[in-house]
Amino acid sequence: MPIQRLKGVLRILLLIAVFLGGVWSQSSGVIDDFRFYLPDVQYLTVQHLWLTAVSGGLAILVAIPLGIALSRPSMVRFAESAMQVLNVGTTIPTLAVLALSMSFLGIGTVPAVFGLFVATLLPIARNTYAGLKGVSPALMEAAAGIGMSPTQRLLKVELPNALYVIFAGIRTALTINVGTVPLAFLIGAGGLGELIFTGIDLYDPVMMLAGAIPTALLAIVVDALVSTTAFVVVPRGVNPSRA
């Protein structure tokens, strides 16, 4: 009972805080200021999503096959070395990766997509590799015992059992990608970073928040979409969310 009462009090306090925040926003004119930037937010959000979709999609297309290849027995001695190479994209600050990309590819969308692609590779490749290596040896022996070929074992045993871990890597990578895309503005690729960094330069908090709040919301939405997809796609027997 005390816990239930505490939850009820917290809900009431949250509603009061939201109400007071709305009253303050309306009376101070902040809402009208945000409306002024609405067309820019809509336009830049499309750019932001496009950069995320292209760089994230390319990372998925490259990282999953790479993780599968590195998990094969013939590649065991090269796997960790390859992961360390991929780790460079995460170890080096993303802004530095974008700057290096700009040095070789110029200014604009192409270097931004390449830099974001490099920064997104590791979580997906690492989780694909770890998920496949984590499949129970008993399952692999049973599959081999009934005459499955290596390709059949990969498609019918290993990948279904590793899907949950693979989706966890995709979820992490895309969420980080969405939060990193604002930096692409600094090399001329657009996105919501235009409002964030211009607002910082002009000391305009409303402009800065007009870019920062949609970026945070996009990260939450992308995370929820990948989580929902994983819930539906990953088989019930290896999906803790559906246990």
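This is a predicted model: local features need pLDDT of at least 70, side-chain atom pairs count only at pLDDT 80 or more; totals for chains, interfaces and linings use all residues.
Trainee: Which element gives the largest share of the nonpolar patch on the surface?

Mentor: The patch is formed by Leu100, Phe104, Leu105, Val110 and Phe114, which together have about 550 Å² of accessible area. Two elements give two or more residues to this patch: helix α6 (109-133) and helix α5 (94-105). The largest share, 3 residues, comes from α5.

Trainee: Is Phe104 buried or exposed?

Mentor: Phe104 has its place in helix α5. A residue counts as exposed when its relative accessible area is over 50%. The value for Phe104 is 72%, so this residue is exposed.

Trainee: Which residue meets Glu158 in a salt bridge?

Mentor: Side chains of opposite charge can pair when their charged atoms come close. A search of the whole structure finds 2 salt bridges. Glu158 sits in helix α8 (residues 150-180), and its partner, 86 residues apart from it, sits in the loop between α3 (38-70) and α4 (76-91). With an N to O distance of 2.8 Å, the partner is Arg72.

Trainee: Is Glu158 buried or exposed?

Mentor: The cut-off for buried is a relative accessible area under 20%. Glu158 has 6%, and therefore it is buried.

Trainee: What kind of pair do the rings of Phe114 and Phe117 form?

Mentor: Both residues lie in helix α6, 3 residues apart, about one turn of the helix. Phe114 is partly exposed at 40% relative accessibility, whereas Phe117 is buried at 16%. Planes under 30 degrees apart would count as stacked and those over 60 as edge-to-face. The ring centres are 6.5 Å apart and the planes stand at 40°, so the pair is tilted.

Trainee: What kind of pair do the rings of Phe185 and Phe197 form?

Mentor: Phe185 lies in the loop between α8 and α9 (193-201), and Phe197 lies in helix α9, 12 residues apart. Phe185 is partly exposed at 23% relative accessible area, and Phe197 is partly exposed at 21%. Their ring centres are 6.3 Å apart and their planes are at 15°, so the pair is stacked.

Notes. Residues are numbered from 1 along each chain as its sequence is written. Side-chain values use heavy atoms; hydrogens and water are left out. Patches are made of residues with over 30% relative accessible area and no salt bridge: like charges are joined within 9 Å, nonpolar side chains (Val, Leu, Ile, Met, Phe, Trp, Tyr) within 5 Å. Accessible areas come from the Shrake-Rupley method with a 1.4 Å probe; for residues, only the protein chains shown count as cover. A salt bridge is a side-chain nitrogen of Lys or Arg within 4 Å of a carboxyl oxygen of Asp or Glu. Helices (H or I, at least four residues) and strands (E, at least two) are DSSP runs, numbered from the N terminus. Buried means under 20% relative accessible area, exposed over 50%, partly exposed in between (1.4 Å probe, protein chains only). Rings of Phe, Tyr and Trp (its six-membered ring) pair if their centres lie within 6.5 Å; planes under 30 degrees apart count as stacked, over 60 as edge-to-face and the rest as tilted.
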